[in-house]
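I set out to record, entry by entry, what I looked up in one structure. The sequence and the model come first, and my notes follow.

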Amino acid sequence: MRRRLDRIRNWSHRRDDIMELSESPNTSDVEYSEEVVSGSLSASQDEPKTDLNEVKGHLEITLLEKHFLQEELKKLREEENGVEALRQELERERCRNIELEQKLNDIIDVRLDELPSSDPKAPPPRDATTTGNEDAYSRFQRWLYDHLGVDFDDFHTQPAEEAPAPDEPLSARRLTENMRRLKRGMRPITSFLRDLSALSSWYSVYTTAIAFTVYMYATWRGWTISMFLFLAVLRLSLNYLIARGWRIQWSIVPEVSEPVEPPREDLTVSEKFQLVLHVAQRAQNIFGRMADILEKTKNLFMWVEPQLTKKLYVALWVSFIASCLLPYKLLGFIIGVFVGIKFFIINFIFKSCPKLRQRYDTAHIVWTGLPTDLQRREQANPSPGRRAPGSGDDGGGGSRCYSTKRGAFHEVFNVPERERPLAVCENGWRCCLINRDKKTPADYIRNGVLYVTDNYLCFECSRSSSSKRDKVIKLLDITEMQKYKVLSMLPGFGMGISIATPFTQKPMVFGAMTNRDEVFDAISAQRSQVVAMEMAASPETS
């Protein structure tokens, strides 16, 4: 018993020592863990929230760079959706052919059934007991019915009402083919107008001189109408020879053959949508030009601009009085001489001297001064836009200082004061600048507005109050410019413009443009004009 009691006592002392030793480390660990937790919480609260934005920006950069690297690989991929769609279209065409054949057979059967019904209308058969006069009369009646009876029956029969043909479903291939057909159909007209412009501008001196001499001689002899009729017969004869295989080119300006891309059958859904969008944009521009011409013509006759219409009014009165007083032969001679001198000489002088044209070309002044209905609405309800009349107008009158949201245009972009946006981009083009030379997200992609002036291409960043992040490019510094397609997820379905300059390693991309083709044409035209002026001025300075 004593041994057991001693053992229990010794074990209790050892347990107390172990508990004392174990309690001290535990308390220190708890205190240390509490300090660590509190420190980590304070550190997590002090972390900047911009880490997520930086990660987001780097992800955007990675996504765009991946698109740039995989752009060529996307052209090599093929899809089976186009083949399946072609099979479905062939199956539908077969069904339509079968239906048309059935309808045609039904119509033929109905017509065959209706033929016996027309027998009662035929003249009565001959009677053997009739006299000779009656026999001649019956023969004449039968002959008359055989030759004219069918035509008279057409007046009694009512044409069947045909159901309107169903509209064809929207197809990217059919839409593109129709646009190509329209372009091919307009090619003779455009070629004719181009030849007339070449004659008026003396593109070929010998050809224009011969045409002017022949025209004036025909006008002097009174053969103007005969000359035009002879030219029409000659043109039709040449067309006959060309249709027979002869290779004849009767054109002052040589035609440039454009490469025709073969139609692709394996278009993806995105490519079809972009194709439809491109064709719709071209149709929109064509309809816009036609609407401008019609609205200007209407406004000319409706006295919208009284000063311009007054010139037409006076010209019509003078023409009417001259037609009443002068003989027609003399009047035709005067008109022919005036048209020849105006077409061959005066137009050439006006094209060579634009300032003289703006002052003395009455037709040009009237047409350019006529407003369209859209311009009239904009003048009646001016939007609170970017243009503002400047306080420092010239005394000579009329010069206005263009301003943006951040101030005067020339001060924002640090360009000469005479620089201002062109008429096509008075309010600017919304887009985003992708500068591939930059690596930070804030500098890699910038949203803003793009302007084109007489000599500069200016980009105004929309989220910056300073001009350090704006971009100004001289049009003469542009070494290469081409249409580009960025990611389709961007606004405008990724349509953009790539611009290369000597000061950048990689081309800058202005993407997310909803009207990419219009912007590209405007910049290209202004750049060509600046380059031509620079080349014309360089020999003079040297």
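**Entry 1: Salt bridges**

I began with charged side chains and found that K298 and D373 meet in a salt bridge, with 3.0 Å from N to O. I noted that the model is a predicted one. I then located both partners: K298 lies in helix 9 (residues 269–301) and D373 in helix 14 (residues 373–380), so the pair ties together parts that are 75 residues apart in sequence. Are the two partners buried or exposed? K298 is partly exposed, with a relative accessible area of 40%. D373 has a relative accessible area of 16% and is buried, because buried means under 20%.

I looked next at R96 and E93, whose side chains form a salt bridge at 3.5 Å, N to O. These two residues are 3 apart in helix 4 (residues 81–114), which means that R96 and E93 are separated by about one helical turn. I recorded R96 as partly exposed at 42% relative accessibility, and E93 as partly exposed at 37%.

A further salt bridge joins the side chains of R357 and D361, at 3.4 Å from N to O. Here R357 is partly exposed, with a relative accessible area of 30%, whereas D361 is buried at 6%. I also found a network: K483, R516 and D517 are joined by salt bridges that share partners. How many salt bridges are there by this rule? I counted 7.

**Entry 2: Aromatic pairs**

I turned to the aromatic rings and listed 13 aromatic pairs in the structure. For F212 and F344, the ring centres are 5.3 Å apart and the planes stand at 65°, so this pair is edge-to-face. The pair links distant parts of the chain, since F212 is in helix 7 (residues 205–221) and F344 is in helix 11 (residues 328–352), 132 residues apart.

I then examined F459 and F510, which form a tilted aromatic pair with 5.9 Å from centre to centre and 55° between the planes. F459 lies in strand 5 and F510 in strand 9, so the pair ties together parts that are 51 residues apart in sequence. Both F459 and F510 are buried.

Which residues form one aromatic cluster? I noted F212, Y215, F343 and F344 as its members.

**Entry 3: Nonpolar cores**

I next looked at the largest nonpolar core, which has 23 residues. Within this core, L450, L457, I497 and F510 touch the most other members. I listed the elements that each supply at least two residues of this core: strand 3 (429–434), strand 4 (445–452), strand 5 (456–461), strand 8 (495–500), strand 9 (508–511) and helix 17 (516–541). Helix 17 gives the most, with 5 residues.

I followed I497 in more detail. Leaving aside neighbours within four places in sequence, I found I497 in contact with M481, Q482, Y484, M508, V509, F510, M513, R516, V519, F520 and I523. I also recorded a second, separate core of 10 residues, which includes F68, C432, Y444 and Y484.

Helix 10 (306–325) and helix 11 are the elements that give two or more residues to the patch. Which helix gives the largest share? I noted that helix 10 supplies 7 residues. W317 is found in helix 10, and W317 counts as partly exposed at 43% relative accessibility.

**Entry 4: The whole chain**

Of its 542 residues, 22% count as buried. The chain exposes about 41,200 Å², and carbon and sulfur atoms supply 59% of this area. Among contacts with a separation of 6 or more, residues 24 or more positions apart account for 56%.

Key
Residues are numbered from 1 along each chain as its sequence is written. This is a predicted model: local features need pLDDT of at least 70, side-chain atom pairs count only at pLDDT 80 or more; totals for chains, interfaces and linings use all residues. Side-chain values use heavy atoms; hydrogens and water are left out. A nonpolar core is a set of buried Ala, Val, Leu, Ile, Met, Phe, Trp, Tyr and Cys residues joined through side-chain atoms within 4.5 Å. Buried means under 20% relative accessible area, exposed over 50%, partly exposed in between (1.4 Å probe, protein chains only). Helices (H or I, at least four residues) and strands (E, at least two) are DSSP runs, numbered from the N terminus. Contact means heavy atoms within 4.5 Å. Rings of Phe, Tyr and Trp (its six-membered ring) pair if their centres lie within 6.5 Å; planes under 30 degrees apart count as stacked, over 60 as edge-to-face and the rest as tilted. Accessible areas come from the Shrake-Rupley method with a 1.4 Å probe; for residues, only the protein chains shown count as cover. A salt bridge is a side-chain nitrogen of Lys or Arg within 4 Å of a carboxyl oxygen of Asp or Glu.
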